[in-house]
Amino acid sequence: MLSKEKKTHIDAAARSVLKRFFGYDSFRPRQAEIVATVCSGRDCVVLMPTGGGKSICYQVPALMLDGMAIVVSPLIALMEDQVHTLRGNGIPAAALHSGQTDAENADILDAVRRGRIKLLYISPERLLLDMENWPQNIRISLFAIDEAHCISQWGHDFRPEYTRLDRIKERFPAVPVIALTATADKLTRADIAGQLRLDNPQVFISSFDRPNISLTVKQNPGKAMKLKIISELIDRYADDSGIIYSLSRKGAEQMAAELKARGYSATVYHAGLSAGERAEAQRRFIQGEVQVVCATIAFGMGIDKSNIRYVIHNNLPRNIEGYYQEIGRAGRDGLPAEALMFYSFQDIVMLQSFIDESGQKQLNLEKLARMREYAESSVCRRRVLLSYFSEECTTDCGNCDVCRRPPLRFDGTTVAQKALSAIVRTEQSVGVSMLVDILRGSARGDLVSKGYNRIKTYGAGRDLGAAEWKAYLAQMLQLGLFEIAYNEGNRLKITTQGMRVLRAEVPVTLARFFYERTEPAPKTKATKTPVSSGPADPGLLAALKARRLAIARLNGVAPYIICSDKTLVEIALRRPTDKLGFSKIYGIGEFKTERLWEPMTAVVRNWKLNNPELP
Ligand code: ADP
Ligand code: ZN
């Protein structure tokens with residue numbers, strides 16, 4: 001345990017490092033404690049959601065302690081991004097990985113030997129390779145294991161090379177290890193400390209809530225309406241960007257093509273592209289050259305682009321962990337952001353087939369079932385998410401579609417009976433689409449040839465639209481009135497509970513389905529004020545953005561490496577005209593003050609000259 005005096009001393013030193021190098025005035029919840037714990041030499045496990053501020057937890061100690069910190073990271077893009085950000089703050093950081101030439105890596109090792117590097121990012125394979133002949137004279141201050149969930153076979157992102165990281169503790173028993181992850185999966189969490197052989201680690205769990213991200217789930221309303229909804233969302237954030245995830249490469253490509261046809265700048269990103277194409281797509285997105293990336297799940301890890309305003313799921317994701325991580329890429333700057341998901345029965349069929357091909361079938365089925373519960377929830381979605389992550393949550397969030405428009409319930413017994421009766425009368429041999437067509441009295445050829453037009457329930461559900469039927473069937477499925485036999489051509493089978501409903505032994509309550517109205521636009525906090533600009537003057541903000549872009553181009557880095565949107569908004573609000581004023585801005589440390597105060601305050605002064613009448 002730390003003495004109180006020592007702790008106060010560490011806290012003060014940590015705060016000064018935070019301001020000096022990162023330009024932040026205060027730590028976020030838990031960060032200060034974590035920094036103090038690492039500085040005291042104790043191992044830690046840090047569980048914090050994406051965007052929660054994990055990096056600071058090892059970067060500040062790395063700057064406070066003697067020697068060099070080694071950060072293990074699974075992805076080259078992730079390492080490069082972090083190194084750029086650190087260098088942008090004047091911190092000597094470097095990365096060793098296979099994406100560089102031997103000569104480049106040799107140069108970096110040379111700098112390491114001469115004690116020039118404070119933070120070294122390294123891939124796990126590279127670390128294992130170097131570990132035995134690691135130069136004796138280099139003092140290692142700490143090891144940070146980023147994306148530590150990659151070590152667990154239970155997780156959704158298992159990487160075999162991570163399992164060998166247990167050797168760190170063997171080889172460097174006295175060096176503290178801090179393992180960090182945004183995974184909320186309990187099994188995985190429990191696995192991390194053991195796998196890494198951490199020594200009585202202190203575990204820090206932050207709330208996984210991201211209240212600024214609004215949550216919406218919609219039953220697929222049909223292609224045209226879906227595209228209309230997506231277009232409106234993109235338009236609402238015309239100056240910012242977003243990601244659309246699809247389950248398949250084809251889905252991602254089609255989405256990009258549709259959006260391009262509507263005049264949006266979109267690009268695709270999936271595992272079927274070459275490494276070069278993927279890097280280019282990522283670069284264009286980071287630089288703000290494209291509005292939307294249409295991706296499969298392969299995209300987004302390691303992107304610290306803070307102004308992603310929306311994440312759309314074109315399909316139901318595989319599990320809640322992955323979904324939460326993906327939507328977490330939106331709104332890292334804390335400003336309002338939106339997560340929108342579309343899902344349909346077809347998604348479930350597709351996911352089911354993926355699972356059949358995967359190992360760990362039972363576990364994955366269970367996870368998919370929980371994902372569906374979320375999508376079909378009629379209670380506050382945030383509560384469903386947080387309870388999945390074992391967080392207590394006693395109030396509704398007010399920022400999800402269920403909270404905004406609570407479902408209207410009605411006695412759905414007759415509706416359910418019509419559908420169940422049709423299932424029985426077709427001898428449980430049809431899938432969802434056929435069932436809906438029977439209920440609505442369609443004349444489609446295969447329906448007629450099978451004689452389904454002669455059953456009693458044919459056309460009994462004409463009063464409801466197809467989308468309406470699908471929504472009610474989804475609810476009935478959720479209520480356990482029938483099942484989908486995925487391994488038997490997705491035919492529908494009535495359950496015992498369904499039989500009881502059919503025999504009028506129990507009533508059924510359903511939530512009223514509403515057809516999509518896209519006008520007026522859904523009322524989210526985001527629609528009221530253009531998020532990224534807040535009450536800042538748009539002209540000034542645009543000029544600041546342009547200047548940032550020019551500086552970024554000159555330095556060959558992404559604009560957000562120069563400074564974040566939030567920093568620009570603050571400059572536009574506070575309008576500093578001198579160095580001292582500028583140094584007080586959010587995200588501006590000593591290094592950035594030196595580098596940016598002149599060009600940025602010049603923009604402000606110029607704006608003031610041109611707008612003398614404005615306050
Ligand atoms: P994570 O790795 O947990 O996803 P990051 O470490 O990338 O999150 O942090 C997310 C964002 O929050 C970054 O832009 C980071 O600079 C910012 N941030 C972190 N800590 C603070 C803080 N104490 N004050 C203000 N901003 C912070
Ligand atoms: Zn809610």
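**Salt bridges, a sheet and a zinc site**

Let's start with one side chain. Arginine 574 counts as partly exposed, because its relative accessibility is 47%. For the cut-offs: buried is under 20% relative accessible area, exposed is over 50%, and partly exposed is in between, with a 1.4 Å probe and protein chains only.

Two sentences on the ground rules. This is a predicted model, where local features need pLDDT of at least 70, side-chain atom pairs count only at pLDDT 80 or more, and totals for chains, interfaces and linings use all residues. Residues are numbered from 1 along each chain as its sequence is written, chains are lettered from A and ligands numbered from 1 in the order written, and side-chain values use heavy atoms, leaving out hydrogens and water.

Back to arginine 574. What is its salt-bridge partner? Glutamate 570, with the closest N and O atoms 2.8 Å apart. A salt bridge here is a side-chain nitrogen of Lys or Arg within 4 Å of a carboxyl oxygen of Asp or Glu. Helices (H or I, at least four residues) and strands (E, at least two) are DSSP runs, numbered from the N terminus. Glutamate 570 is buried, because its relative accessible area is 18%.

There is also a network. Glu280, Arg283, Arg284 and Glu289 are joined into one by salt bridges that share partners. By the same rule, the count comes to 28 salt bridges.

Helix H26 has another pair. Aspartate 565 meets arginine 548 in a salt bridge, 3.0 Å from N to O. Aspartate 565 is in helix H26 (residues 565-574) and arginine 548 in helix H24 (residues 538-555), so the pair ties together parts 17 residues apart in sequence. Buried or exposed? Both aspartate 565 and arginine 548 are buried.

Next pair: lysine 223 and glutamate 258. Their side chains form a salt bridge at 2.8 Å, N to O. It links distant parts of the chain, helix H10 (residues 223-236) for lysine 223 and helix H11 (residues 249-261) for glutamate 258, 35 residues apart. Lysine 223 counts as exposed, at 57% relative accessibility. Glutamate 258, at 21%, counts as partly exposed.

Now the sheet. Seven strands form an open sheet, with parallel pairing, in the order E3-E4-E2-E5-E6-E1-E7. The edges are E3 (93-96) and E7 (202-205), each pairing on one side only. From one strand to the next, the twist averages 20°. Strands pair if DSSP finds at least two bridges between them. E1 (residues 44-47) and E7 run parallel, joined by four bridges. Leucine 47 has isoleucine 205 of E7 as its bridge partner. Helix H5 (residues 102-113) packs on the sheet, touching E2 (68-72), E3 and E4 (119-122), and its direction makes about 135° with that of E3. Contact means heavy atoms within 4.5 Å. Axes are lines fitted to C-alpha atoms, for helices over the stretch in contact, and angles between N-to-C directions run from 0 to 180 degrees.

Last, the metal. What coordinates the zinc ion (ligand 2)? Cys380, Cys397, Cys400 and Cys403, each through SG, at 2.4 Å. Donors are N, O and S atoms within 2.8 Å of the metal (3.2 Å for Na, K and Ca); water is not among the atoms, so sites may look incomplete. The four donor atoms subtend angles of 101 to 120°, so the arrangement is tetrahedral. That label needs four donors with all angles between 85 and 135 degrees. The donor spacing in sequence is C-x16-C-x2-C-x2-C. Cysteine 380 and cysteine 400 are both buried.

Key:
Four donors count as tetrahedral if all angles lie between 85 and 135 degrees; four count as square planar and six as octahedral if opposite donors are over 155 degrees apart and all others between 65 and 115; anything else is irregular.
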